Amino acid sequence: MKKILSALFAIVLVIAALFAAQHYLIAKENAATGTSGSSAKVLNIYNWGDYIDPSLITKFTKETGYQVNYETFDSNEAMYTKVKQGGTAYDIIVPSDYMVEKMRRENLLLPIDEKKFTALKYYDKRFLNKSFDPGNKYSIPYFWGTLGIIYNDKFVRKSEVQHWDQLWSSRFRSKILLVDSARDDFAFSLISMGKSVNDKNSATVQAAKAKLDALMPNVKAILDDEIVMYMAQEEAPVGVTWSGEAAEMIAENKHLHYVIPKEGSNIWFDNLAIPKTAKHFKAIYKFLNFMSEPKNAAQNAEYVEYATPNKAARKLLPKAITGDKQFYPDDQTIKNLHVYSDLGPKWTQIYNDLFLEFKMTNH
């Protein structure tokens, strides 16, 4: 999912370049010495940008001797394509929920060895055994969050944004920012109609699109990562965004607040998984267990600022973080949240085409 401040791009690119150069030198040395890739003391990770505390990578290398080669992607689809092509031997990837489902069905993931991964005991059972991976046979939850409404209390009252339908009020004409995401924008439209976020009924999906069209007079802009800066700088009083981005916005502007509408929303999961390209299995399981250690998971959660599914780690976090229901909602709220399923090629294309039409015909 999505989650980097544009100001960090330069840093990430420099780090990626250094890792890539290091990877090349290791590969060159291995070739010269006859060391095979599978036995080399390396671990190849493919993750979202700025989605791990760099000091944990350093700590892992120091403790284990495994050199980490770290590359980043900016969408599930980009990651999927690269893994499917098989040109790069990644050992660990971080797909979102629906992508785990898609990749396991296409035999692009290897099962988690329960004998080697011994840290599942630390995880909150509420976030295990989800529909996209029953029994967590192919994935381990890494971070989770929600889709919701961000608002500025200087311009908007809390009571005005408790429900998705309130976004259609004429009160918000040209005042709303939306995330540039077909799945997420259709999700809140569908939920406002009392429908599933995974709906595959043509009439229902068309109705959701028509409802989005009706919202357009209230939409100021549809944005990618820039939404964080725009909301923080008060370019708009209301937005629809993910909880992680909301946390970043709130850190920049204390007048901002995040709401999960009472009728429900999406709950998403990013997950650690092993692609079929994996080679360095000792390193893989050392890393999975290392990142699941409560102290390390807590440190990572503080750095990334997303909610951790690691129950033991959560106990180590400040109460100011875990007690904030904007980002650690209560059980009743969680029960009302929907997990995305893989729609399949046909319906993914339908959603994407309708979303593109929505954006093009209304600007």
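These legends walk through several close-up views of a predicted model.

View 1. Let's begin with the overall picture before zooming in. The chain folds into 14 helices and 12 strands. Of its 363 residues, 53% count as buried. The accessible surface comes to about 16,200 Å², and carbon and sulfur atoms account for 53% of that area.

View 2. Setting aside neighbours within four places in sequence, Met103 is in contact with Met79, Tyr80, Val83, Ile93, Pro95, Leu108 and Leu109.

View 3. Strand S6 spans residues 176-179, and both of its faces are covered. Ile176 and Leu178 are buried on one side, while Leu177 and Val179 are buried on the other. S6 runs parallel to strand S7 (residues 219-223), and four bridges join the two. Here Leu178 stands opposite Ile222 of S7. S6 also pairs with strand S8 (residues 238-242), again in the parallel sense, over three bridges. In this pairing, Leu177 stands opposite Gly239 of S8.

View 4. Helix H4 covers residues 97-105. How many of its nine residues are buried? Seven are, so the helix is mostly covered. The buried ones are Asp97, Tyr98, Met99, Val100, Glu101, Lys102 and Met103. They pack against helix H3 (76-85), strand S3 (92-93), strand S4, helix H5 (182-192) and strand S10 (265-272). Just after H4 comes Asn107, with a positive phi of about 60 degrees.

**View 5. Tyr98, a position listed in UniProt.** An unreviewed UniProt entry lists Tyr98 under "binding site". Is Tyr98 buried or exposed? Its relative accessible area is 16%, and because that falls under 20%, Tyr98 counts as buried. The side chain of Tyr98 makes a polar contact of 2.7 Å with the side chain of Glu77. Leaving out neighbours within four places in sequence, Tyr98 is in contact with Asn76, Glu77, Arg183, Tyr340, Ser341 and Asp342.

**View 6. Asn47, a buried residue with polar contacts.** Asn47 lies in strand S1 and is buried, at 2% relative accessibility. Which side chain does the side chain of Asn47 join in a polar contact of 3.0 Å? The partner is Tyr70. A polar atom of the Asn47 side chain also lies 3.5 Å from the backbone oxygen of Tyr51. Apart from neighbours within four places in sequence, the contacts of Asn47 are Ile52, Tyr70, Glu71, Thr72, Phe73, Val94 and Tyr142.

**View 7. Two loop residues with positive phi.** Most residues other than glycine have a negative phi, so here are two spots that deserve a look. Asp50 has a phi near 50 degrees. Asp50 sits in the loop between strand S1 (42-48) and helix H2 (54-64), where it is partly exposed at 23% relative accessibility. Asn129 has a phi near 55 degrees. Its place is the loop between strand S4 (109-110) and strand S5, and at 53% relative accessibility Asn129 counts as exposed.

**View 8. Glu252 in helix H8.** Our last stop is Glu252, found in helix H8, residues 243-252. Glu252 counts as exposed because its relative accessibility, 61%, is over 50%. How far apart in space are Glu252 and Val228, C-alpha to C-alpha? They are 9.1 Å apart, with a separation of 24 residues in sequence.

Terms used: Residues are numbered from 1 along each chain as its sequence is written. This is a predicted model: local features need pLDDT of at least 70, side-chain atom pairs count only at pLDDT 80 or more; totals for chains, interfaces and linings use all residues. Side-chain values use heavy atoms; hydrogens and water are left out. Contact means heavy atoms within 4.5 Å. Buried means under 20% relative accessible area, exposed over 50%, partly exposed in between (1.4 Å probe, protein chains only). Two strands pair if DSSP finds at least two bridges between them. UniProt positions are given in the numbering used here, feature names are shortened, and annotations may be inferred rather than shown by experiment. A polar contact is a pair of N or O atoms within 3.5 Å; within protein, one must be able to donate a hydrogen and the other to accept it, and residues adjacent in sequence count only if both atoms are side-chain atoms. Accessible areas come from the Shrake-Rupley method with a 1.4 Å probe; for residues, only the protein chains shown count as cover.
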